[in-house]
Amino acid sequence: MSKHIGIVGCSSEGAALCYRTICLEAESLMGKHAHPEITMHTISLAEYMKPTQEGSWQGVAELMLRSAQALKRAGADFLICPDNTIHQAMPWVVPNSPLPWLHIAEEVAREAGARSNAFGVAAARRGSSLMLRLPKFEIARPRQLSEAVALLAECGPSSIVIAGGTDLVPNMKHELFTPDLVVSLAEIPELRGIRRETDGTLVIGAMSSLEQVAANELVLEQAPVLAQAASLIAGPQLRSMGTLGGNVMLDTRCQWYNQTYFWRQALGFCMKKDGSLCHVVEGGGKCVAAASNDSAPALMTLGATLEIEGPNGRRSVAIDDFWLADGIFNKRIDHGEILAEIHIPPTPRGHRGAYGKLRDRGSIDFPLLGVAARLDVDASGAIEHADLVLTALAAQPRRVKRVIETLRGVRIDTDDFTRAVDEVATSAHKQCHPLPNIPGDHDYRREMVPVYVRRTLIAAANGTGPVHHI
Ligand SMILES: Cc1cc2nc3c(=O)[nH]c(=O)nc-3n(C[C@H](O)[C@H](O)[C@H](O)COP(=O)(O)OP(=O)(O)OC[C@H]3O[C@@H](n4cnc5c(N)ncnc54)[C@H](O)[C@@H]3O)c2cc1C
Ligand code: SF4
């Protein structure tokens, strides 16, 4: 007898995707138009945002239990929750739930444990729960930047900085980082705030949330490409926790690296962590894990500068000089240094920008391709300055060459603009070669380069960005 599945939805996109995936998977197993009985219950995402922003997982649990009760009344046998973030409320949900929950990650782990004694990963060793657990660590919550810098210097390489934790925490669960001391920047007021200096420089504190950056009037006016890129990072809950500083500092990503310890061990690890091989470039001597931070190409088109605080004081680095072509660590910043502020120089009156992003699920995923476009236009509509930077190709973002040579002087309201944009798109296709480092067929990602370049430049000209398929 087939079971009646209850889906507890938080974001409408996640719930819809879960429903669709179950139906399609069931059809492939049971035949056309055959799928189990499914009832879905959603509560407005706005209601979830309040306790999430307050860090009240009990508050989130109350909303999830409201859905659980509704689904029990509808006759569901068990419940699924497709949203990652609200899973953190599970310790409060499970003991009070009227129905059992299926946590897909736990089912996979249980199956792996049953099949192999090699499931000796830290997650299993640490207790009976098969959920991925954080390794043990100390946390420090300094109130001043100088105190944070001193703590990192004192503890040395076994310490790490945490901002919103939206990338570091999953990475620690995967044992990609196992620090003894985690230094939180959350309580340092001097890292917060967005302001404009008298010379027109836009100053964004590293701890400004992505949500704040996306909605801030000054950013929207002076750096629209950055506001658009921030608005497309991850999903709403992650944007309210995740920071711009954390995004600039995001670790590179690879489908062979962003996995559990168990998964990586089964494959013999790789050069970026615990091993000596690269699974992307056979025999390759260099890691090519992908720069996947959406803010990076946007900040490059804006000519941003990074203000970095360290044991020897403060230094400024032009963002173009910040990246290294090494996927193991692709940034010119030393351990113990903290990104404090991002400075964006004034943009001219005719400045326009747009961000284009290709990803699997429009609600949450990392980029399969990111395109940041800049056009500065004079009073007659002719292009004075243009720039185009792509990301999610290799270890560092890539500036497309000869863009300004093609676009300078072209009026954006003419057919010449369409022709010039086509020329730039063809040239970008020749210059950009996505690697099989992140999920998604790399040939497909390459074919999408001219498509997204064309759409993003046109959106910049028309002020209609961001470019996003969902
Ligand atoms: C499901 C999911 C989807 C995601 N999708 C996207 C996406 O589409 N695009 C994208 O770009 N990112 C994505 N992310 C990653 C992440 O949410 C964002 O990049 C976010 O901006 C990271 O910021 P944070 O404050 O949470 O950083 P944290 O996780 O706290 O830190 C990230 C890294 O930066 C370092 N760090 C943080 N702040 C500083 C600082 N001020 N100085 C020095 N080092 C610092 C930390 O030590 C750590 O190594 C996703 C994450 C998840 C879980
Ligand atoms: S590219 Fe991927 S597989 Fe190769 S070393 Fe880097 S993280 Fe590992």
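**Entry 1. Burial, and two residues looked up**

I begin with a definition: a residue is buried if 20 or more other C-beta atoms lie within 10 Å of its own, and exposed if 12 or fewer do. I note at the outset that this is a predicted model.

I looked up Arg 195, which sits in strand β8, residues 194-196. Is Arg 195 buried or exposed? I find 11 other C-beta atoms within 10 Å, so Arg 195 is exposed. I also took the separation of Arg 195 from Gly 156, which is 39 residues away along the chain, and found 33 Å between their C-alpha atoms.

I then turned to Thr 305, in strand β10. Thr 305 has 20 other C-beta atoms within 10 Å and is therefore buried. Leaving aside neighbours within four places in sequence, I list its contacts as Ser 316, Val 317, Ala 318, Ile 319 and His 343. Between the C-alpha atoms of Thr 305 and Trp 92, 213 residues apart along the chain, I record 44 Å.

**Entry 2. Strand β12 and its partners**

I followed β10 to its partner. Strand β10 covers residues 305-310 and is joined to β12 by 5 bridges, the two running antiparallel. Within this pair, Ile 308 stands opposite Leu 339 of β12.

Strand β9, residues 202-205, is likewise antiparallel to β12, and I count 4 bridges between them. Here Gly 205 has Glu 341 in β12 as its bridge partner.

Why do I call β12 largely enclosed by the rest of the structure? The reason is that 6 of its 7 residues are buried.

**Entry 3. The parallel sheet**

I looked next at an open sheet of 3 strands, ordered β5-β7-β6, with parallel pairing. Strands β5 (138-140) and β6 (159-162) each have a single partner strand, so one side of each lacks a neighbour in the sheet. From one strand to the next, I find that the twist averages 25°.

Strand β6 is joined to β7, residues 181-184, by 4 bridges, and the two run parallel. One bridge pairs Ile 162 with Ser 184 in β7. Helix α7, residues 145-155, packs on this sheet and touches β5, β6 and β7. Its direction makes about 170° with that of β7.

**Entry 4. The mixed sheet**

I examined an open sheet of 5 strands in the order β16-β15-β14-β13-β17, whose pairing is mixed. Its edge strands, β16 (398-399) and β17 (467-468), each pair on one side only.

Between β13 (residues 351-358) and β14 (residues 369-377) I count 8 bridges, and these strands run antiparallel. His 351 has Asp 376 in β14 as its bridge partner.

Which strands does helix α11 touch? Helix α11, residues 224-231, packs on the sheet against β13 and β14, and its direction makes about 20° with that of β13. Helix α18 also packs on this sheet, touching β13, β14, β15 (383-391) and β17. The direction of α18 makes about 30° with that of β14.

**Entry 5. Nonpolar cores**

I searched for the largest nonpolar core and found 102 residues in it. Val 225, Leu 226 and Val 424 touch the most other members. Helix α18 (residues 442-462) gives the largest share of this core, 8 residues.

Finally, I inspected the surroundings of each ligand. Around ligand 1 there are 35 residues, of which Ala 163, Gly 164, Gly 242, Gly 246 and Asn 247 come nearest. The elements giving two or more residues to this shell are β6, α8 (168-173), α12 (236-241), α13 (244-248) and β12 (338-344). I divided the shell around ligand 1 into 20 nonpolar, 11 polar and 4 charged residues.

Which residues are closest to ligand 2? I find Cys 254, Cys 270, Lys 272, Cys 278 and Cys 287, out of 14 residues that surround ligand 2. This shell divides into 10 nonpolar, 3 polar and 1 charged.

Conventions. Residues numbered from 1 in each chain as written. Chains lettered and ligands numbered in written order. Predicted model: local features only at pLDDT ≥ 70, side-chain atom pairs only at ≥ 80, totals over all residues. Near = placed C-beta within 6 Å. Nonpolar A, V, L, I, M, F, W, Y, C, P; charged D, E, K, R; others polar. Pairing = 2+ DSSP bridges. Axes fitted to C-alpha atoms, helices over the stretch in contact; angles between N-to-C directions. Contact = placed C-beta atoms within 7 Å. Core = buried A, V, L, I, M, F, W, Y, C linked by C-beta atoms within 7 Å.
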